Amino acid sequence: MLLILLAEQGGDGAEVWFSTAAFPARYHISASTRAEGTRRLRALHLLSVERHPLAARSNPTVFDTRRRRSVYRLRGPALAPDKEMLARLAPAPLKKTPRAKKSRTTPRMGT
């Protein structure tokens with residue numbers, strides 16, 4: 001999530017928002033991965049998330065819901081990450097499971 005935010009804001013700390021419908025198709029990560037990455041960055045105080053209201057329709061009624069958007073902004077060392085910080089954010093390595101060996105047989109030529 002850190003790399004996505006850095007790429008989107010150009011590294012200058014600008015506010016970024018994402019379409020929840022387009023995000024998985026654009027970045028090829030699941031909603032749960034996005035949520036976990038956001039949670040980790042917030043826990044380390046590297047990301048602030050604010051809710052901004054969206055403009056109302058041209059002819060709103062009393063029954064309209066107030067739509068809001070999450071706006072993300074990287075803070076502090078996240079704007080210029082070092083190796084130590086990236087290591088803390090990295091997910092735990094996956095355990096390798098042994099693979100079954102494939103038998104290699106060569107076909108016999110006619111005898």
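Phenylalanine 18 and tyrosine 27 are both buried (under 20% relative accessible area, with exposed over 50% and partly exposed in between; 1.4 Å probe, protein chains only). The model is predicted: local features need pLDDT of at least 70, side-chain atom pairs count only at pLDDT 80 or more, and totals for chains, interfaces and linings use all residues. Residues are numbered from 1 along each chain as its sequence is written, and side-chain values use heavy atoms, with hydrogens and water left out.

The count of aromatic pairs comes to 4. Rings of Phe, Tyr and Trp (its six-membered ring) pair if their centres lie within 6.5 Å; planes under 30 degrees apart count as stacked, over 60 as edge-to-face and the rest as tilted. The ring centres of phenylalanine 18 and tyrosine 27 are 6.0 Å apart and the planes stand at 85 degrees, so this pair is edge-to-face. Phenylalanine 23 and tyrosine 27 form a tilted pair, at 4.9 Å centre to centre and 45 degrees between the planes. Phenylalanine 23 is also buried. Ring pairs join Phe18, Phe23, Tyr27 and Tyr72 in a cluster. The charged end of arginine 34 sits over the ring of phenylalanine 23, 4.3 Å from its centre (CZ of Arg or NZ of Lys within 6 Å of the ring centre and within 35 degrees of the ring normal).

Arginine 75 is partly exposed, with a relative accessible area of 36%. Beyond four places in sequence, arginine 75 touches His45, Leu46, Leu47 and Ser48 (contact: heavy atoms within 4.5 Å). The C-alpha atoms of arginine 75 and leucine 46 are separated by 4.9 Å, at 29 residues apart along the chain.
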